[in-house]
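This briefing concerns aromatic pairs, strand pairing and pockets. Please consult the sequence and the structure as displayed here.

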Amino acid sequence: MAESEPTPEPQPTPEPQPTPERVVGVGPHPSPWPEGDHLDPELLADGDRRNVEDRFRYWRREAIIAELDTHRHELHVAIENLEHDANIGSVVRTANAFAVGAFHIVGRRRWNRRGAMVTDRYQHEIHHPDAAHLIAWAREQGRPLVAIDLVPGAMPLEHTALPRNAVLVVGQEGPGVSAELLDAADLVVGITQFGSTRSINVGAAAAIAMHSWILQHAEIPDRPLR
């Protein structure tokens, strides 16, 4: 009878290694400090951990806003704030990433800023107490209202030419754009979907719509982004 192979001894399970924490920003600037009115002495001394592009490290907030104002896009974005939706901050953060000219809050003046990651501090915010106020403002400024919603009659965003000076309008998660704004919109567009879900998150929808405008109107550099 053949001898059985010895049972191998169990090997100890390796200890999980902690994931190194990603450090955002830079520490105190080494001496000598650079000079310029755009620089913040406190940031130079203490370091800059803000959620800003590296080119803006150590800059004063007012100086960053002034620099962004030199190349903001004509596009505006309006968000209805009827239910204090947590997605509003996400929309504002994307608006900042695409250098949108201004964002509009329709309804409650106070909104959930958590998702904005303080990017709202570098944007121009316009408040409208209700839909009628936004509609009147857009008409006075000669800006077409483009509602983003999957409703009957909505045209595919992918095949729609968006006006250069458009105001993209998004509603709340669930109810979508209000009937008053849908009726007043110069265009109503929807994002073509191919899965089983009825709709996509309003923050994602707004990002897709803004990027569609960017592809049509912005000067996109033909070089590595980083």
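Are Phe56 and Trp59 buried or exposed? In this predicted model, Phe56 is buried, as is Trp59. The points below take up the aromatic pairs, then the strands, and lastly the pockets.

**Aromatic pairs**

- The number of aromatic pairs is two.
- One of them joins Phe56 to Trp59 in an edge-to-face arrangement, with 5.0 Å from centre to centre and 70° between the planes.
- The pair of Phe103 and Trp111 is edge-to-face because the ring planes stand at 80°, an angle that falls in the range over 60 degrees set for this class; the ring centres are 5.8 Å apart.
- Phe103 is buried, and Trp111 is buried as well.

**Strand E2 and its partners**

- Strand E2 spans residues 102–107, and six of its six residues are buried, so the strand is largely enclosed by the rest of the structure.
- On one pairing, E2 runs parallel to strand E1 (residues 76–81), with six bridges between them.
- Within this pairing, Ile79 has Ile105 of E2 as its bridge partner.
- E1 and E2, together with helix H3 (residues 88–97), form a β-α-β unit that is right-handed.
- E2 also pairs with strand E3 (residues 125–128), again in the parallel sense, over four bridges.
- Phe103, a buried residue, is located opposite Glu125 of E3.

**Largest pocket**

- The volume of the largest pocket is about 1,500 Å³.
- Its lining comprises 36 residues, of which Glu53, Arg55, Asn96, Ala97 and Arg226 are the closest to the pocket centre.
- Helix H2 (61–69), H3 and helix H6 (202–217) are the elements that contribute two or more residues to this lining.
- The greatest contribution to the lining of the largest pocket is that of H6, at four residues.
- By class, the lining of the largest pocket holds 16 nonpolar, eight polar and twelve charged residues.

**Second largest pocket**

- The second largest pocket contains about 380 Å³ of space.
- It is lined by 19 residues, and those closest to its centre are Asp149, Leu150, Gly176, Ser199 and Ile200.
- The lining of the second largest pocket divides into nine nonpolar, seven polar and three charged residues.

Technical notes:
Residues are numbered from 1 along each chain as its sequence is written. This is a predicted model: local features need pLDDT of at least 70, side-chain atom pairs count only at pLDDT 80 or more; totals for chains, interfaces and linings use all residues. Side-chain values use heavy atoms; hydrogens and water are left out. Rings of Phe, Tyr and Trp (its six-membered ring) pair if their centres lie within 6.5 Å; planes under 30 degrees apart count as stacked, over 60 as edge-to-face and the rest as tilted. Buried means under 20% relative accessible area, exposed over 50%, partly exposed in between (1.4 Å probe, protein chains only). Two strands pair if DSSP finds at least two bridges between them. A crossover is right-handed if, with the strands pointing away from the viewer, the path from the first strand over the helix to the second runs clockwise. On a 1 Å grid over the protein atoms alone, a cavity is a set of points where a 1.4 Å probe fits but cannot get out, and a pocket is an open set with protein on both sides within 12 Å along at least five of seven lines; lining residues have an atom within 4 Å of a point. Grid points are joined across faces, edges and corners, and a volume is the space filled by probe spheres set on the points. Ala, Val, Leu, Ile, Met, Phe, Trp, Tyr, Cys and Pro count as nonpolar, Asp, Glu, Lys and Arg as charged, and the others, Gly among them, as polar.
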